[in-house]
Amino acid sequence: MAFAFTVNGKAASVDVDANTPLLWVVREHLKLTGTKFGCGAGLCGACTVHLNGTAVRSCQTTVSEAAGKTVTTIEGLSPTSSHPLQKAWLAEQVPQCGYCQSGQIMQAAELLAKTKNPTREQIVAHMDGNICRCGTYSAIIAAIETAARG
């Protein structure tokens, strides 16, 4: 069955089973590999993308749920990697292994889109559920605070 949606500002269509996870559509069919497979159960956040501006776990979102909607992946956050979060991530030297970083940034981008100057408590609460196996949580919080300050 064919499903059409917008990905990173461009029209996309795929012919797959309705229950195909959005993660596999993005990675395998659209070749946007910035979104990572983590746990496959929606528990780690490595696969976080935006669906109509809301952060979702793409491993738990089916392509049929994305039909007719707008999907933003890490590649679409900023075509030039100049999003304030991306700049702050580098400035605060957040990445270690880097595997969770696209999901972390997409989760943080949702927060800053809704709350321009979040408190530390709001940041911690919003980022809860995005797991970093390298333990860079303090650097992640610092980067979000840096990005919020502009």
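Which residues in α6 meet which residues in α7?

1. Basis. This is a predicted model: local features need pLDDT of at least 70, side-chain atom pairs count only at pLDDT 80 or more, and totals for chains, interfaces and linings use all residues. Numbering starts from 1 along each chain as its sequence is written, and side-chain values use heavy atoms, with hydrogens and water left out.

2. The contact. Arg120, Ile123, Val124 and Met127 in α6 meet Ile140, Ile141, Ile144 and Glu145 in α7. Contact means heavy atoms within 4.5 Å. By class, this contact has six nonpolar, no polar and two charged residues. Ile, Val and Met count as nonpolar, Glu and Arg as charged.

3. Geometry. Helix α6 spans residues 120-127 and helix α7 residues 137-149. Helices are DSSP runs (H or I, at least four residues), numbered from the N terminus. The two axes come within 10 Å and cross at roughly 120°. Axes are lines fitted to C-alpha atoms over the stretch in contact, with angles from 0 to 180 degrees between N-to-C directions.

4. Burial in α6. Ile123, His126 and Met127 are the buried residues of α6 (under 20% relative accessible area, 1.4 Å probe, protein chains only). Seen down the helix axis, they fall within an arc of 90°, so they line one face of α6. The arc uses directions from the axis to the C-beta atoms. Their cover includes α5 (101-114) and α7.

5. Gly129 follows α6, with a positive phi near 105°.

Terms used: Helices (H or I, at least four residues) and strands (E, at least two) are DSSP runs, numbered from the N terminus. Buried means under 20% relative accessible area, exposed over 50%, partly exposed in between (1.4 Å probe, protein chains only).
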